Amino acid sequence: MSKSVPTSRRGILRAGLAAGALLPAASLSARAQGGPDPLITEVQDWASYTGEGVDETPYGLPIHFEADVIRRNVPWLTADPISSINFTPIHALDGTITPAGCAFERHHSGAIELAKPDYRLMINGLVDRPLVFTYADLERFPRHSGVYFCECAANSGMEWAGAQLNGSQYTHGMIHNMEYVGVSLKTLLDEAGIQPEGKWLYVEGADASSNGRSIPLEKALDDCMIAFKANGEALRKEHGYPVRLIVPGWEGNLWVKWLRRIEVTSGPVESREETSKYTDTLDNGISRKWTWVMDAKSVVTAPSPQSPIQHGKGPLVITGLAWSGRGVITRVDVSTDGGKNWQTARLAAPGQRMAMTRFWLEHDWNGEEMLLQSRAIDETGYVQPTKEALRDIRGENSVYHNNGIQTWWVREDGSAENVEVS
């Protein structure tokens with residue numbers, strides 16, 4: 001006669017504990033030998049001696065047990081690491097705020113060191129008063145804050161022609177979500193006074209690449225910010241210290257780091273970065289300009305190839321992230337069978353405009369294979385498309401703005417792999 005199987009979540013947890021399924025290896029060994037659990041019955045080292053004092057680490061780092069939670073790159077992706085990208089370890093994070101030390105980097109000519117006393121920001125062009133600000137000048141203007149995601153236009157770009165990289169970090173990790181503090185761009189433009197002919201801005205960085213992009217004045221006056229703090233501290237060198245531009249919901253290349261100049265113009269400058277680069281090659285070979293907004297997108301971060309199921313059958317929390325450059329995420333659906341059936345996930349908190357949203361779906365996993373997917377819906381009614389639907393319009397020759405639905409094949413042993421379903 002077979003043993004009865006508990007069907008409630010509490011019953012499954014109790015059964016798991018009885019079998020030792022949730023206990024550490026030392027405990028499992030003791031239990032297997034029929035002895036008491038030393039982790040409970042014996043005084044451990046961490047309870048026998050005093051720990052480190054409060055000043056042992058003046059600027060904190062994660063405990064060494066979490067040393068694997070780091071940004072990683074893909075060496076073959078670019079010819080030179082000076083002008084390259086690394087990826088946020090989104091599979092190992094929870095919540096929505098990305099620690100600045102884990103936030104992905106993208107450099108066009110390397111991360112430069114620019115000290116605050118040497119910093120200058122010029123506003124020129126079609127303005128009433130050309131102005132130059134020091135860093136100290138910027139700090140005296142009224143503050144503005146906001147939580148926003150910053151996503152590289154090429155995030156998921158290697159997946160246009162099929163599954164390539166294994167893990168949410170590598171397929172979706174060119175993104176971070178931080179709380180920024182700075183000065184509204186409108187405040188500074190009002191200080192300079194925009195002439196009637198001024199319709200666009202050309203923003204330019206101070207690094208050797210002079211990375212520059214054109215931005216319509218309407219967007220600049222709406223919600224753009226000149227930020228000097230992220231997550232409560234000064235920007236990191238890799239993220240544009242001492243000052244970068246924030247362009248909520250729009251592709252990361254517009255978020256110019258080490259911002260040194262804002263020129264008000266009557267039209268777009270048509271720089272290298274907005275003509276030969278950062279354009280979308282369509283199925284007919286023609287490239288489309290001015291695709292700024294990052295459409296609604298989501299990804300399951302666990303389970304995933306870098307975050308496999310290790311606890312066996314039973315209660316499983318499926319979790320991931322969703323975001324939209326069009327506004328607020330209102331719903332995320334999750335499928336365990338490759339999109340045949342969908343369940344609405346639970347949002348950790350109401351969505352915020354142009355910010356990442358965490359979702360959870362509690363699931364009792366019976367050990368069967370899953371084709372795990374998520375799809376995001378935003379406040380405009382936009383629904384994240386399948387990769388097939390995206391390719392019907394865009395073809396397979398693009399690099400940028402791939403927001404197609406991701407599929408993880410979760411095997412019976414809990415491991416996962418990047419696949420596509422058709």
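**Notebook: sheets and their neighbours**

In this predicted model, I first looked up an open sheet of four strands, which runs in the order E15-E16-E20-E19 with antiparallel pairing. Its edge strands are E15 (297-302) and E19 (346-347), and each of them pairs on one side only. I then followed E19 to its partner, strand E20 (residues 357-365), and found the two joined in the antiparallel sense over two bridges. Across this pairing, Arg346 stands opposite Trp360 in E20.

I checked the record for this part of the chain: UniProt, in an unreviewed entry, lists residues 288-406 as "domain: Moybdenum cofactor oxidoreductase dimerisation". Over residues 288-406 I noted 7% helix and 39% strand, with the end C-alpha atoms 24 Å apart.

Next I turned to an open sheet of five strands, in the order E4-E3-E12-E7-E8, where the pairing is mixed. Strand E4 (131-134) and strand E8 (212-216) each have a single partner strand, so one side of each is left without a neighbour in the sheet. On average, and with direction ignored, neighbouring strands of this sheet are turned by 15° against each other.

Which strands does helix H6 touch as it packs on the sheet? I found that H6 (residues 185-192) touches E3 (120-125), E4, E7 and E12 (259-265), and that the direction of H6 makes about 55° with that of E3.

Notes
Residues are numbered from 1 along each chain as its sequence is written. This is a predicted model: local features need pLDDT of at least 70, side-chain atom pairs count only at pLDDT 80 or more; totals for chains, interfaces and linings use all residues. Side-chain values use heavy atoms; hydrogens and water are left out. UniProt positions are given in the numbering used here, feature names are shortened, and annotations may be inferred rather than shown by experiment. Two strands pair if DSSP finds at least two bridges between them. Axes are lines fitted to C-alpha atoms, for helices over the stretch in contact, and angles run from 0 to 180 degrees between N-to-C directions. Contact means heavy atoms within 4.5 Å.
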